[in-house]
Amino acid sequence: MRAGKCVIFCATQRTGSTVVFDDLRNVLGYGPTYSEVLYDRIILKNSKRTWKELWHEVKKVNNVEGYFVDKVMFHYAPKISSFIEGKSVEDVRRCLVFEPELFDSFYKFFAEAIWVYIYRHDVFAQAVSMYL
């Protein structure tokens, strides 16, 4: 099973990625929704559903013009990848350095997605934003 039509925003903290996500939805006439629905369901709410069941639910929640649109923070992608594999997310450590094998299932499922990498050039402003 593959995701099909998707736009995945990839980001790290304090980049303004939620604003970009919200702007896309607003420009297209959609209201606010979860900017990180996969994180919300899999990590925060510790879903006990299968990936297939969860995927059918979340793709309806974040549907924009027939595309599933979500934001995934870099350091949570390995946990989501583990969930896609049908494994527990409890034992997956927070990832701060790219280790390709931790992202394999995530990448394979969303292989046909449009990937949008959000990067903030001004590291100082990013630090100030975090402080505020």
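Predicted model: local features only at pLDDT ≥ 70, side-chain atom pairs only at ≥ 80, totals over all residues.

Trainee: OK, how many salt bridges does the structure hold?

Mentor: The structure holds seven salt bridges, and we can take a few of them in turn.

Trainee: Which residue does Arg 2 meet in a salt bridge?

Mentor: The side chain of Arg 2 meets that of Glu 112, with 3.6 Å from N to O. This pair links distant parts of the chain, since Arg 2 sits in the segment before strand S1 (6–11) while Glu 112 is in the loop between helix H5 (104–109) and strand S4 (114–117), 110 residues apart.

Trainee: And is Glu 112 buried or exposed?

Mentor: Glu 112 is exposed, because its relative accessible area is 52% and the cut-off for exposed is over 50%.

Trainee: Next one: where do Glu 36 and Lys 71 lie?

Mentor: Their side chains meet in a salt bridge at 3.5 Å, N to O. Glu 36 lies in the loop between helix H1 (17–27) and helix H2 (37–44), and Lys 71 lies in strand S3 (residues 67–73), so the pair ties together parts that are 35 residues apart in sequence.

Trainee: Are those two buried or exposed?

Mentor: Glu 36 counts as buried at 18% relative accessibility, and Lys 71 counts as buried at 3%.

Trainee: Changing topic, what about Asp 40?

Mentor: The side chain of Asp 40 meets that of Lys 45 in a salt bridge of 3.2 Å, N to O, and Asp 40 counts as buried at 9% relative accessibility. Salt bridges with shared partners join Asp 40, Arg 41, Lys 45, Arg 49 and Glu 57 into one network.

Key:
Residues numbered from 1 in each chain as written. Heavy atoms only, no water. Salt bridge = Lys/Arg side-chain N within 4 Å of Asp/Glu carboxyl O. Helix = DSSP H or I, 4+ residues; strand = E, 2+ residues; numbered from the N terminus. Buried < 20%, exposed > 50% of the residue type's maximum accessible area, 1.4 Å probe, protein only.
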